[in-house]
Amino acid sequence: MCGIVGYIGDKQATPILLKGLRRLEYRGYDSAGIAIMQPDGIFRERSVGKIEKLVGKLQGQTPEGTVGIAHTRWATHGGVTEANAHPHTAADGDLVLAHNGIIENYRELKKELGDVKYKSETDSEVLAHLIASFYEGDLRKAVMKALARVRGTYGLVVMHRKEPEKIIAARLGSPLVIGIGDHEHYIASDPTPMLAYTKRVTFLDDGEVAEVTKDNVQTFNLKDKAITKHIEEIEWNDEQAQKQGFAHFMLKEIFDQPTVFEDAIRGRVEAEEGTAHLGGINLTEKEMRNIKRVMLIACGTASYAAMVGKYAFERLAELPCEVDVASEFRYRDPILDEQTLVFVISQSGETADTLAALREAKRKGAKVRGIINVIGSTIAREAHGGTYIHAGPELAVASTKAYTNMVAILLLYALQFGRLRRVTVATGQRIVNALLAIPEKMQTILKQNDAIEAIADTYTRYQDMLFLGRGVNFPVALEGSLKLKEIAYVHSEAYPGGEMKHGPIALLSEDFPVVAIVTKNQLYDKMRSNIEEIRARKAKTFLIATEGDADIAELANDIIYVPNTMELLEPLLNTIPLQLFAYHMAVKLGKDVDRPRNLAKSVTVE
Ligand code: M6R
């Protein structure tokens, strides 16, 4: 995936576009580029690497102009080179285009276009030439004719020198938001680049093309029929999208957790009734009682949140619950019916595999709800209902606060179903009270940041690690291991404690440390025995244990204590020390914490 920004108005476009690109850098950071409409033609600059490289290339100059587009790339077709960086040009530089997505039939189109001199290896440049080939003085019409020939996905912004006061934007499968200001408009892949200027936005839907001028936005479908769009207010604010004094977005987002957790549960729990009310379920009580099975579908970190959700649905609501990785879901002939409730879980709401799973589940007749962070995202809009997790903008590639809030919402849904089935008022009240106490307990863990940093310092020499947990803490182990891999590039595996002796124990040695979650719950004694087995193999241990458990310290080389809570809620706390551990490991190993190599924040290609 890539990030697109566009601006048209009275202000200088360059600073707005560069600032916008920085906000979108999480979407891709292989190369970046900018194009500004100027009286004598279109200025363009591109660079391999992050936005700052592009800024360096501009050498302190601000190309003048009040209309422009920009792009930050995550390479799909064509290597990471300046020639492949967007915006691409056609018609001798008169037309510029920035594209997010994949033009699947670009080879075919290339053949049809015949004798064109391509300057890049990208599918996007072919699209630029295709649009140019249809141009007869009306850019929107040319874009629409070209898009009628395209197979694939696109989020697209296009400018033409002969129509200097216009940007054409189009969307199919790659998000685009238009921000509405005072005699100005912003266009971007998500709302974060425009938060400083406007909260009023309209989301383009698939198959829509917008003609954007400084005073007007006209939207059409691909059959050239005008469409009336709704304007929505974005709740996020610009401050949330800044580092606020933290060294990295990831650290800031880890520290955001107590606050955004409160945002997630506020107004959604009822202490007296011991229940939760999530309107997004969109089902009557009768329909809820009729649900026979729950499926949770997600990728990466969101799938580990889903695994926690499975424990909650089964324990509280006695509902059979399956967790599927979205990329596998539709290839395994899943059995679904109208008594199956499917939740698709995604921070970005744009993950291609999760979106495809959602569509497949809908096609098979299931009721599909979203648990999503990004407001107005594709999955949020295509689901039959659902709930925003209210984590605010998450800009580090490694997901942290979104995970916590996904777990929170899944717990609330499980409680809501549970109260209709088997959970008593008293138990419901205990759960709600335990949830309300979580933010303060998170603070207690965050206060141990320095201690966790000191521990991380003693693990940087290891190439491999094992993460162990049991029950609800197995997904926590998986999440801790994923964080370490993706930002510190340290190989690690995660296993349920009981599985260790069925294979991975062979790996253990003085050079293969183990991070284990051994908090006081029903599996404590079992987990403790697993740690004894580790110690017998001389592997170093870093334990996450419950406050007051002095005994366990004898089995630990390093230990972090977390406050006690109900077992089902433990992942909300136990994950935090592992997030901080991975963060400090990455910093100490000199890695780019917020922009780890090869990754992008949301994966909009299959
Ligand atoms: O936006 P999504 O929640 O759908 O993204 C899913 C995964 O791509 C994401 O969680 C990924 O695993 C993160 N890099 C984890 O930190």
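Select T153, A352, L355, R359 and T604: of the 15 residues that line the second largest pocket, these lie nearest its centre. A pocket here is found on a 1 Å grid over the protein atoms alone, as an open set of points with protein on both sides within 12 Å along at least five of seven lines, and a lining residue has an atom within 4 Å of a point. The volume of this second largest pocket is about 340 Å³; a volume is the space filled by probe spheres set on the grid points, which are joined across faces, edges and corners.

Before moving on, a word about the model. It is a predicted one, where local features need pLDDT of at least 70 and side-chain atom pairs count only at pLDDT 80 or more, while totals for chains, interfaces and linings use all residues. Residues are numbered from 1 along each chain as its sequence is written, and side-chain values use heavy atoms, with hydrogens and water left out.

Which element gives the largest share of the lining of the second largest pocket? Colour α11 to see it: four residues come from there. Helices (H or I, at least four residues) and strands (E, at least two) are DSSP runs, numbered from the N terminus. The lining has six nonpolar, three polar and six charged residues. In this sorting, Ala, Val, Leu, Ile, Met, Phe, Trp, Tyr, Cys and Pro are nonpolar, Asp, Glu, Lys and Arg are charged, and the others, Gly among them, are polar. Domain 1 (2-240) and domain 2 (243-436) each give at least three residues to this lining; the domain bounds come from an automatic or database domain assignment.

**Next stop: the largest pocket**

Select C299, G300, T301, K601 and V603. They are the closest to the centre of the largest pocket, among the 24 residues that line it, and the space there is about 510 Å³. Now show α9 (300-317), β20 (340-346), α11 (352-363) and α17 (473-488), each of which supplies at least two lining residues. Here the lining divides into 10 nonpolar, 10 polar and four charged residues. At least three residues come from each of domain 2 (243-436) and domain 3 (442-595 + 599-603).

**The ligand**

Which residues come nearest to the ligand? Select S346, Q347, S348, T351 and E486, out of the 14 residues around it; "around" means that a heavy atom of the residue lies within 4 Å. Then look for polar contacts, which are pairs of N or O atoms within 3.5 Å. The side chain of S346 has an N or O atom 2.6 Å from an oxygen atom of the ligand, and for the side chain of S348 the distance to a ligand oxygen is 2.7 Å. At S399 it is a backbone N or O atom that lies 2.8 Å from an oxygen of the ligand.

**Inside the protein: cavities**

How many cavities of 30 Å³ or more are there? There are four, a cavity being a set of grid points where a 1.4 Å probe fits but cannot get out. Select Y26, R27, D190, S348 and V374, the closest to its centre of the 21 residues that line it.

Of its 15 lining residues, C2, W74, T76, H86 and G101 are the closest to the centre. β6 (95-100) and α4 (123-134) are the elements that give two or more residues to this lining. By class, it has four nonpolar, nine polar and two charged residues.

**Two backbone details**

Stay at H86 and look at the link to P87: this peptide bond is cis, with omega about -5°. P87 sits in the loop between β4 (67-73) and β5 (88-90). Then go to Q59, in the loop between α2 (51-58) and β4, where phi is near 50°, a positive value in a residue other than glycine. Both are worth a look because most residues other than glycine have a negative phi, and most peptide bonds are trans.

Note on methods. A polar contact is a pair of N or O atoms within 3.5 Å; within protein, one must be able to donate a hydrogen and the other to accept it, and residues adjacent in sequence count only if both atoms are side-chain atoms.
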